[in-house]
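Let's take a walk through this model one region at a time. Have the viewer open and follow along.

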Amino acid sequence: MRLAYVDAFSGASGDMMLGALIDAGVSTAALTEALEALELPGWCLDVRRESRGAITGTRAEVREMGSPPLRRFRDIHHLISTSSLPDTIRETALRIFDRLARAEARVHGIALEEVHFHEIGAVDTVVDVVGVVVGLDLLGVQRLYASPLPLGRGRIMSSHGMLPVPAPATVALLEGVPVRDGGVDRELVTPTGAAILTGLCEGFGPLPDMVLSAVGYGVGAHPADNPPNVLRLMVGEPQAVFARRRLLMMETQIDDMNPEFYEHLMASCFAEGALDVVLVPVYMKKNRPGTLVRILLDPSLKDRMAARVFCESSTLGVRFYEVDRVELPRAFMDVDTPWGVIRVKTAALPDGSVRCQPEYEPCREAALRSGLPLPQIYEEVRRRSQEKAAKKSGESSR
């Protein structure tokens with residue numbers, strides 16, 4: 001179990017993330033070899049040491065050869081989805097580009113499939129996004145966190161014309177993320193950097209407890225040294241098998257709402273980013289039956305979640321209190337079965353064993369397609385996943 005923390009004290013971009021990963025120990029040769037699976041011609045990775053102010057780090061610059069074609073979102077999707085990259089790398093990279101495309105489509109008022117990426121569709125951005133996903137995998141990072149993000153001010157010229165800083169796509173991507181004024185008139189967080197961090201990070205806040213094993217500094221293109229155009233990546237292992245997170249619990253009691261609406265309320269909260277939603281039967285004043293709604297959420301979602309609950313229920317008020325969640329390290333793995341590949345959630349237990357929990361929906365779909373009982377599908381997937389996890393554990397211990 002390895003985790004990493006992005007200290008974006010001076011902003012974040014794709015090339016800064018890539019440089020920080022290389023500076024933290026990712027082999028440039030291994031990274032380049034992995035990226036060859038894209039079959040994307042006309043580029044090379046220039047890696048060198050550079051300084052910004054008092055900090056020296058790694059500058060990772062993708063150099064293009066020739067004039068690359070203008071790529072739409074569907075072109076990027078086809079390029080990645082047909083590559084020979086591992087399934088998890090491919091799916092994660094596609095998720096990041098999907099977020100990026102949706103943000104562009106939203107702010108420019110065009111259909112998702114017709115998004116012209118311009119700078120975002122250039123070779124360097126494709127390599128940056130996929131390279132970051134590959135680099136985290138090469139480092140063995142399973143959980144990624146980041147600091148609140150500083151935003152610049154002013155204006156910037158783009159292929160869309162003059163835009164405010166931060167760019168509209170960046171702002172759209174950072175909804176629900178804690179941000180602060182960076183205090184400078186320049187772009188600090190790029191759309192690509194915002195898409196990567198929001199697509200990969202489990203939370204934005206203080207540095208999680210860890211035993212530090214590596215630190216990398218990624219140098220950006222801007223020559224500024226106040227603050228230095230550098231991103232810091234801290235890599236380490238949790239101090240214990242448990243991970244700890246400071247979360248918020250939101251509660252409200254309702255006794256005057258149509259019971260049929262609770263299903264939609266729960267679904268809406270999950271769609272807003274809730275980590276858990278629980279409905280508890282309670283008795284209220286005058287012995288009226290009611291429902292206690294408890295929602296576990298990241299602190300960054302406090303206002304958005306409250307607004308959602310006010311809109312989707314009849315409550316007139318909600319309350320919050322902080323909770324500490326102690327959780328087992330979790331990950332996903334794909335398991336080959338007679339009914340296709342099925343995703344399984346794994347949790348590392350304190351005794352060194354691994355608990356495997358097949359995802360319900362893929363198992364249900366397999367049961368419907370095959371005509372077999374769902375419990376039979378579920379148990380077979382769990383058996384295969386336990387064997388795969390035990391085999392992987394044995395290989396890593398050798």
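How many bridges join strand β17 to β18? There are 5 of them, and β17 (residues 340-348) runs antiparallel to β18. Before going further, note that this is a predicted model, where local features need pLDDT of at least 70, side-chain atom pairs count only at pLDDT 80 or more, and totals for chains, interfaces and linings use all residues. Residues are numbered from 1 along each chain as its sequence is written, and side-chain values use heavy atoms, with hydrogens and water left out.

Back to those strands. Helices (H or I, at least four residues) and strands (E, at least two) are DSSP runs numbered from the N terminus, and two strands pair if DSSP finds at least two bridges between them. On that basis, β16-β17-β18 is the order of an open sheet of 3 strands with antiparallel pairing. At its edges sit β16 (330-337) and β18 (354-358), each pairing on one side only. From one strand to the next, the twist averages 35°.

Now jump to β14 (residues 289-297). This strand is largely enclosed by the rest of the structure, because 7 of its 9 residues are buried (under 20% relative accessible area with a 1.4 Å probe, protein chains only; over 50% is exposed, and in between is partly exposed). Strand β12 (residues 243-254) pairs with β14 in the antiparallel sense over 7 bridges, with Q253 partnering L292. Strand β13 (residues 276-283) also pairs with β14 in the antiparallel sense, over 8 bridges, and here V277 has I295 as its bridge partner. The hairpin of β13 and β14 has 5 residues between the strands, and K286 takes a positive phi near 60° there.

Helices next. Helix α4 and helix α7 (residues 191-200) pack at about 125°, with axes 9 Å apart; axes are lines fitted to C-alpha atoms over the stretch in contact, and angles run from 0 to 180 degrees between N-to-C directions. That makes α4 oblique to α7 (under 35 degrees is roughly parallel, over 145 roughly antiparallel, 65 to 115 roughly perpendicular, the rest oblique). Among the α4 residues that meet α7 are R95 and L100.

Finally, look at S83, in the loop between α3 (73-81) and α4 (87-108). At 10% relative accessibility, S83 counts as buried. Its side chain reaches the backbone nitrogen of L85 at 3.4 Å. Leaving aside neighbours within four places in sequence, S83 is in contact (heavy atoms within 4.5 Å) with A37, L38 and R90.

Conventions:
Polar contact = N/O pair within 3.5 Å; in protein donor to acceptor, adjacent residues only side chain to side chain.
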